[in-house]
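Hello,

Here is the structure I promised to pass on. My notes follow below it.

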Amino acid sequence: QVQLVESGGGLVQAGGSLRLSCAASGSISSIEAMRWYCQAPGKQRELVAAIASTGITNYADSVQGRFTISRDNAKNTVYLQMNSLKPEDTAVYYCNADLSRIGRSGTFRYWGQGTQVTVSS
């Protein structure tokens, strides 16, 4: 059994900051890429940022320079530092991870349950 649990969402004023965390737990052998997505009401889920096991990162144009993705491999945790938040950043934020499981072959993608981020103007 593998779980991804997000935390750190909440309500913040425009210009403020939040730090999201996503911890993976269970029978994990190794984790490859980890990502953050967001989904605003009535819109499709879209990629916000990704980080490879090597530490290489990429970002959506809309968050470049404002958000920073990082990971702690010892804790199987990925973070999203969100600065200079805007009302249009309001969404549910989900993490996912591509990982291999102990005793099983192959790579599997798991999702967290999501955490709400609301930015007031």
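β1 and β3 (residues 18-26) pair in the antiparallel sense, over six bridges. Strands are DSSP runs of E, at least two residues long, numbered from the N terminus. Two strands pair if DSSP finds at least two bridges between them. Within this pairing, Val 2 has Gly 26 of β3 as its bridge partner.

A word on provenance. This is a predicted model: local features need pLDDT of at least 70, side-chain atom pairs count only at pLDDT 80 or more, and totals for chains, interfaces and linings use all residues. Residues are numbered from 1 along each chain as its sequence is written, and side-chain values use heavy atoms, with hydrogens and water left out.

The sheet

β1 and β3 belong to an open sheet of four strands, ordered β1-β3-β8-β7 and paired antiparallel. Its edge strands are β1 (2-7) and β7 (67-72), each of which pairs on one side only. From one strand to the next, the twist averages 15 degrees. Here axes are lines fitted to C-alpha atoms, and angles run from 0 to 180 degrees between N-to-C directions. As background, strands of a sheet pair through backbone hydrogen bonds, either parallel or antiparallel.

The hairpins

β4 and β5 run antiparallel and are joined by five bridges. Tyr 37 stands opposite Leu 47 in β5. Six residues lie between the two strands of this hairpin, and Gly 42 takes a positive phi near 80 degrees.

β5 also pairs with β6 (residues 57-59), antiparallel, over three bridges. Ala 50 has Asn 58 in β6 as its bridge partner. This hairpin has five residues between its strands. Which residue in the turn has a positive phi of about 100 degrees? Gly 55 does. Gly 55 is partly exposed, because its relative accessible area is 38%. The classes are buried (under 20%), exposed (over 50%) and partly exposed (in between), with a 1.4 Å probe and protein chains only. Gly 55 and Ala 24 are 31 residues apart in sequence and 17 Å apart in space, C-alpha to C-alpha.

The largest pocket

Its volume is about 270 Å³. A pocket is an open set of points on a 1 Å grid over the protein atoms alone, where a 1.4 Å probe fits, with protein on both sides within 12 Å along at least five of seven lines. Grid points are joined across faces, edges and corners, and the volume is the space filled by probe spheres set on the points.

The lining has 19 residues; closest to the centre are Cys 38, Glu 46, Ser 62, Glu 88 and Asp 89. A lining residue has an atom within 4 Å of a point. β4 (28-39), β5 (46-51) and β9 (91-101) each supply at least two lining residues. β5 gives the most, with three. By class, the lining has nine nonpolar, four polar and six charged residues. Nonpolar covers Ala, Val, Leu, Ile, Met, Phe, Trp, Tyr, Cys and Pro; charged covers Asp, Glu, Lys and Arg; the others, Gly among them, are polar.

The whole chain

The protein has 11 strands and zero helices. Its C-alpha atoms fill a box of roughly 50 × 25 × 25 Å along the principal axes. The radius of gyration is 14 Å, which agrees with the value near 14 Å for a compact globule of 121 residues. That radius is taken over C-alpha atoms, and the globule rule is 2.2 Å times the number of residues to the power 0.38. Of the 121 residues, 42% count as buried.

Best regards
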